[in-house]
Amino acid sequence: MASRLKRTVLGFIAALLSDRVGLFLAKIRSKRLRDELSDQVTDKFLELLLSGMDLAFCLSKGYRKNIRNFEGRYLFRTADDRIVAAATFKGGDMKVHGGTIDEWDARVTFKDGAALRAFIFSRDHDILNSILANDVEIDGNFNYIYKFGFMARDLARRLGVA
Amino acid sequence: MPEITLTDVSLKEYGLTPRVSALRDVYFRVMPEICVERPRLVTSFSVDNNFFDKERISILDKARLYRYVLETRDPIVHHSRGYEKGMKPFEFKDASLFAGSTTSKFKGVIMYPEFLALTLWPELWTISRRASNPFHITDKEVDELNFKIFPHWMEHNITELARKRCYEENLKKCGIEKHCPEMKLLERLVFFLASKPNCISHTIPDFSRAISHGLRAVINEANDKRGQTTDQSAKEFYAAICEVLQGIITYSKNLATKAQEMADSEADPAVKNELLDIAAINRKVPELPAETFREGLTTIWICWTAIHLENPNVGLSLGRLDQVLYELYRRDIDAGNIELQDAIELLCCLWLKIGDHVPSIPDTGEQLFGGTGSNQAITIGGVDKNGNDAVNDLTYCMLKATELMKLRDPNPNARYHPGVNSPDYLRRLCAVNIDTGAIPAIHNDRAVIKALTSKGETVEQARDYGVIGCVEPGSNGRFYGHSAAILLNLTSVLELTLYNGRHRHTGKDVLISKETGDPTTFNSFDDFKRALEEQLHWLVDQSTILNNMLGRVHQDFYPTPILSAFFEGPMDKGKDLIQGGAIINSSGATVIGLADVADSLSAIQRVVFEENAVSFAELLDALDKNFEGHEILQQRLMNPEKTPKYGNEDPVADANVAWIIEAVDKAFAEKENYRGGRYRVGYWTMTNHAGFGRLMEALPNGRKAHENFTSGITPVSGVTPYLSQALNSVAKQPAECLSSGVALNLKYIPEQGASMLQNFVASVEGYFDDAGGERDGGMEIQFNITTHDTLVEAVTDPEKHRELLVRVSGYTAYFKDLNPQMQKEIIDRTEYLLSTGKMVHYDPFPLPERKS
């Protein structure tokens, strides 16, 4: 997760670079996420996904367009709270939280990292599929999940792992 | 009573014209393309007019929006470009006799962000590559949806507006935040589905006034009424009607202008004349009365595109077209203005236009319930309002067009009144079924009219029923019944009873409904039935509470001025259709899993309580283990000689079916909907019996976990060896409890020779027979007449059979578009050989692999 200073620096660098170069940098920096997307998935998946998104928003102007004027608060957790993380979007910025948040637009309760990956990324499956398998439960506004799903898949596409 | 003047009702000398043949080839070649025109226009108008800040959208707001969409949309006379398999672009010549289209594409996916379009958001980048029914979309269109359209609807589609309302009400009522138990049940997907988040639909508009008077006359009438009333909401309603009808007129005139421009620059005199004809017709109708058959068809077509711009394409149906258009047809034929071939060609062109759009379904929707078209039913034949034979020459022309085109949409439904309609007509209906393999469905007027009058409709209203969506009967143009409002999984009622209010899908440790007793402690079968009835009432409560809440959200945010303009009732009452403007108001529930639950009841009755062959605890243990280690018990439960099975004229089994049907009808009929009407019940399952089946565990009738349920009102596959017994078991069920329609799915093996047709006709006559008033007779029957081998081959080689049409349970589908589970279900249906009247060897087909 990028610190504020780091984000400012990255943002400054990104402003000087083309989108392609920004994405290239994001690609290099998110190798572990790419591994998790294309190979064995671990319980680190959520953390890597959120930090990968965060980094890509910093480095890629094209990707950042997704959160321009977008406000949303997401809470992700396993039922036993073994894994808890949150992501908030405001003012064209993404903030990743290591713990819970009080207010959320959508809450995703998932069984494990693999279930979460299947929920968001499985090819030829959409969000409902994981709900059917009872691996994932959604509370709140589903449209926020649909948007998050798009952004996550858009990231994978830009990183070349879609 | 119209005289049949055709010398050959099969019209066998007529075939596809080169124009229609070419169009049909393109139709099957082209892939559906996502169209962003409607969402773009709806969104921009909503933003510019601050709709998203409003606490309520008035009917006039909506009418102005639709007028804007109709007047602004691109008037496309003919299409010229599409994408084929592999998403390769190709050019073609579109010489349809009708201008305009539902979307901006030749075959478009129409999107309604107000409803469920946002479910496609996550897969926008992959939707053109997905395994089931991919849609073409350009990068530019993805960007437009992602950045400019969808974000505006995140808080404002019907589902989220309903959720917000539910949260607010529950917070006030019980102080719990973000609490909406009925919505949560819906999201669990195994209890019931609700279609209001997806549509205001499943009804039949009335085109007769648009044809005979023209829309200008309706505008004038609305203006008069507006001037006469002092009621502000009625004034607003009439103003809204004027707005939308003017929008429709302008759209047609825009098409005329475009056709004129194309004609002006066209060198080929034949093409030029055709364009000039289109220009002249669209300049005149639907504004003014139609005076020719083609003008009548154009009126319907233009109004139909407008209706779909307002309302999602989910079972909106066209009604009794052979009645509405007959006078114009007769006049043109008698005057020598058109020949029969012209009439058939016009109908074929219209049929293709009707199928010019497909619903937008997310990938899991495709996996569970996929392959559906938009289920636009048309109805032919039957009796008129006075009970006289209504079959006419146009009925046979429509049958011919159906036979020639073999299309999924429109979904043709034929009415047959025993003793009134001619045997020749029934014979022709059966012959078309044999020829097409799947269409049309045949409805028994006598039983249907009885069912409708039992719910309060007058005999005249009931006699004028049309078929909605799949199979649901509704009085043509005056009945707003939203017949698929609720899709109730009856096997979940059984599950909640077996597990004392719990459900294995959601976990046996979670109480979902209420405790009705541990079945292992029940002393009698009646105890079990009582518990099941309680669980049924609980689930009916939940589903109707949610449906009514969603209906109220429609009333506040989705008024329907266009549909209201084409309905009997709203113009007189000065009231929108969704506020109760129609003459007849109801809501419909369709029930999934009837035969599986009925056979499960019979199994419990016989095996547990009568013969004490196993205890309830042992039965539950077998279910939990999916019969592993309990194979002998499962074989016994599946054996119709040892356990009563519906479809064998077994009194125990058939009585359990009747008991369920009556209990379900009673539970729903007690409920009032948000428009002051009552709920009606039907048994047609579309693909939901496969979808729900995939989610559910083993049942007491011997069905193993995740296997398909049985479709519609059909008995379970493989346990009904004799066709006549199967038909009789269904035909004795009480019609008055089946007022929202049934689908009886039968599979006949094609046989050579004339005897097949004779036996076919006899099977329908026998099924419809009321046995001298001792029973109602079957209400509806539909067929698949395709060999087992052909279906199996179509699984492995779908492109070879891309036009293979099958009956699902209600609607018609292309077999290749169905998900593997549904393909298996069709293949596994009981096959009868008509020459023997017996089932052929039953051997379940392995579940096909899902394409990647």
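In the predicted model, helix H4 (residues 45-59) of chain A lies across strands S1, S2 (84-90) and S3 of chain A, and runs at about 155° to S3(A). These strands belong to an open sheet of 5 strands in chain A, which has the order S3-S2-S1-S4-S5 and mixed pairing. The edge positions are taken by strand S3 (93-97) and strand S5 (136-140) of chain A, each of which pairs on one side only, and the twist from one strand to the next averages 15°.

Elsewhere in chain B, strand S17 (residues 780-784) is largely enclosed by the rest of the structure, because 5 of its 5 residues are buried. B:Glu780, B:Gln782 and B:Asn784 point one way from S17(B), whereas B:Ile781 and B:Phe783 point the other way, and all are buried. Strand S9 (residues 441-444) of chain B pairs with S17(B) in the antiparallel sense over 2 bridges, and B:Ile442 stands opposite B:Ile781 in S17(B). Strand S16 (residues 745-748) of chain B, by contrast, pairs with S17(B) in the parallel sense over 3 bridges, and here B:Asn745 stands opposite B:Gln782 of S17(B). Together with helix H30 (residues 754-768) of chain B, strands S16(B) and S17(B) make a right-handed β-α-β unit.

A helix pair was also examined in chain B, where helix H20 (residues 490-498) and helix H24 (residues 594-610) pack at an angle of about 30°, with their axes 8 Å apart. H20(B) and H24(B) are therefore roughly parallel to each other. The contact brings B:Leu490, B:Thr491 and B:Leu494 of H20(B) together with B:Leu594, B:Asp596, B:Val597 and B:Ser600 of H24(B), and by class the residues of this contact are 4 nonpolar, 2 polar and 1 charged.

Conventions
Residues numbered from 1 in each chain as written. Chains lettered and ligands numbered in written order. Predicted model: local features only at pLDDT ≥ 70, side-chain atom pairs only at ≥ 80, totals over all residues. Axes fitted to C-alpha atoms, helices over the stretch in contact; angles between N-to-C directions. Helix = DSSP H or I, 4+ residues; strand = E, 2+ residues; numbered from the N terminus. Parallel < 35°, antiparallel > 145°, perpendicular 65-115°, else oblique. Contact = placed C-beta atoms within 7 Å. Nonpolar A, V, L, I, M, F, W, Y, C, P; charged D, E, K, R; others polar. Buried ≥ 20, exposed ≤ 12 C-beta atoms within 10 Å, placed from the backbone. Pairing = 2+ DSSP bridges. Right-handed = clockwise from strand over helix to strand, strands pointing away.
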